[in-house]
Amino acid sequence: MSPGTDRAAAEALDAADPLAGFRDRFVEPEPGLIYLDGNSLGRLPRATVDRLRQVVEQEWAGGLVRSWHDWIDLPTRVGDRIGEHLVGAHPGEVVVSDSTTVNLYKLAHAACSARPGRDVIVTDDDNFPTDRYTLAGLAQARGMTVRVVASDPVTGPDPADLLAALDDRVAVLSLSHVAYRSGALLDLPTITAAAHGVGALMLWDLCHSAGSVPVGLADAGVDLAVGCGYKYLNGGPGAPAFLYVRRDLQPTLRQPIWGWFGQRDQFAMGERYDPEPDVRRFLTGTPAVVGLAALEEGVRLLAEAGLDLLRAKGMAMTELARVLAAEWLLPLGFELASPADPAARGSHLTLRHPEAFAISRALIAEADVIGDFRTPDCLRLGPAPISTRFTEVWDAFDRLRSLVAAGRHRAHADPSPADRRVT
């Protein structure tokens, strides 16, 4: 084996890992299972089990409606934790509510309304599907146009192409900070400045960066952002999402879903809608208390670990994966489908192979390795920095090369359409 691909190198990285102790703070799945899909659904923190038991058995069962005294501020309390520790926002700029899709719609609609006379929304053709669908639906309803920039499947949209797509007709530019398929990391400050240069508002999707990559929303002067709670934030399946609105924009932007939790003096039950003057105006209905409680525990863990250490480990793990792929997998027909530079990608690595779907299913069924598949031919592997060991990355790639070299994946080809469902 060449230097860096011996298992002893991975063992040494684990021994020196300052985040190693956090692994024991997550519920362990069945013995031998390697989980490399933390960028799709984060693992379950042990503290969340206790917290949910408290919410259900004490606060709900015992406190009943009296517990709303403690619950009602959860959207802003958890939002401030996310803002301070994970996305670089000021207090009062992040709130937790709804889903990423709903939040994206709310913010994109508000942004378009704040730029009257402008009739174009810009995004790229490899942006996450829900983003593209939401923007297309919004544009159709408002009589606007979505201007789509071609995106390189590995490195993402070219900054020069984005700049060429921006003019005084553009109301909002909406992009993903980290590409969901390849992991390409975009230059958030530079692109934000480009949008501002033509008078447009910038709306970022942070689903694959929040909790694993420094974002720096306030430092970059970002206008708007959304993100989910169930990937790196470990909030559980369907966890509430979050949204960010820069403080100076909050009094003037008005979102389209006027719900009672966004109403000033909500319990006065006023006849007319009068939104809160701050980020709370972007709330809608009653918050999902159980989901918020679970999300708060996941965010606590990440805040304790520290984003700088999480980013350093994320780069180191994906670099180990890249080195192993170059040594073991490229000769078996794989291609790297993520940026080669660890600083230019998020915390997942993607490999392309013509039989990627069969390989992804065989990995789960025969090798006890959970990654995931992305169309048309991508195997996406996401070792979460807070809960994955370097030796697990090594073992997973060792199992992967053995499986493909033996051709065992071919027994898992030709799935039915239902078998291709992914989240």
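Let's start with Cys 112, whose sulfur is 19 Å from the closest cysteine sulfur, the one in Cys 207, and that is too far for a bond. Keep in mind that this is a predicted model. Cys 112 is also buried, at a relative accessible area of 2%.

What about Cys 207? The nearest cysteine sulfur to Cys 207 belongs to Cys 228 and is 3.8 Å away, yet Cys 207 is in no disulfide.

Side chains of opposite charge can pair when their charged atoms come close. How many salt bridges does a search of the whole structure find? The search finds 32.

Let me walk you through a few. In helix H1, which covers residues 7–15, Glu 11 and Arg 7 sit four residues apart, about one turn of the helix. They form a salt bridge, and their closest N and O atoms are 2.8 Å apart. Both partners are partly exposed: Glu 11 has 38% relative accessibility, and Arg 7 has 27%.

Helix H2, residues 46–63, has a pair of its own, with Asp 50 and Arg 53 three residues apart, again about one turn of the helix. In this salt bridge the closest N and O atoms are 3.2 Å apart. Asp 50 is partly exposed at 48% relative accessibility, and Arg 53 is partly exposed at 40%.

Now for a salt bridge between two loops. Arg 246 pairs with Asp 223, and here the closest N and O atoms are 2.4 Å apart. Arg 246 is in the loop between strand E10 (242–245) and helix H10 (289–305), while Asp 223 is in the loop between helix H9 (217–220) and strand E9 (224–227), so this pair ties together parts that are 23 residues apart in sequence. Is Asp 223 buried or exposed? Asp 223 counts as buried, at 2% relative accessibility.

There is also a network to look for on your screens. Salt bridges link Arg 51, Arg 77, Arg 81, Glu 296, Glu 297 and Arg 300.

One more charged residue before we move to rings. Arg 401 has its charged end over the ring of Trp 328, 3.7 Å from the ring centre.

Which brings us to aromatics. A pair of rings is described by the distance of the centres and the angle of the planes. The count here comes to seven aromatic pairs. Take Trp 260 and Phe 261: their ring centres are 5.1 Å apart and their planes are at 90°, so the pair is edge-to-face. Trp 260 also pairs with Phe 267, with centres 5.6 Å apart and planes at 80°, so that pair is edge-to-face too. Together, Trp 260, Phe 261 and Phe 267 form one aromatic cluster. Have a look at how the surface treats these three. Phe 261 is buried, at 7% relative accessibility; Trp 260 is partly exposed, at 36%; and Phe 267 is exposed, at 53%.

Let's go inside now. In soluble globular proteins, nonpolar side chains tend to be buried together. The largest nonpolar core in this model has 50 residues, and Ile 82, Val 87 and Trp 204 have the most contacts inside it. Which helix gives the largest share of this core? The answer is H10, with eight residues.

If you click on Ile 82, you can find its contacts beyond four places in sequence: Val 87, Val 94, Val 96, Leu 233, Phe 242, Leu 295 and Val 299. Apart from this core lies another one, of 28 residues, including Ala 321, Ala 362, Leu 363 and Phe 397.

Last stop, Thr 388. You will find Thr 388 in the loop between strand E15 (378–381) and helix H13 (390–405). Although it sits in a loop, Thr 388 is buried, with a relative accessible area of 3%. What does Thr 388 contact, leaving aside its neighbours within four places in sequence? The partners are Arg 23, Tyr 35, Leu 36, Lys 313, Met 317, Pro 383 and Val 393.

Conventions: Residues numbered from 1 in each chain as written. Predicted model: local features only at pLDDT ≥ 70, side-chain atom pairs only at ≥ 80, totals over all residues. Heavy atoms only, no water. Disulfide = S-S within 2.5 Å. Buried < 20%, exposed > 50% of the residue type's maximum accessible area, 1.4 Å probe, protein only. Contact = heavy atoms within 4.5 Å. Phe/Tyr/Trp six-rings, centres within 6.5 Å; stacked < 30°, edge-to-face > 60°. Lys NZ or Arg CZ within 6 Å of the ring centre and 35° of its normal. Salt bridge = Lys/Arg side-chain N within 4 Å of Asp/Glu carboxyl O. Core = buried A, V, L, I, M, F, W, Y, C linked by side-chain atoms within 4.5 Å.
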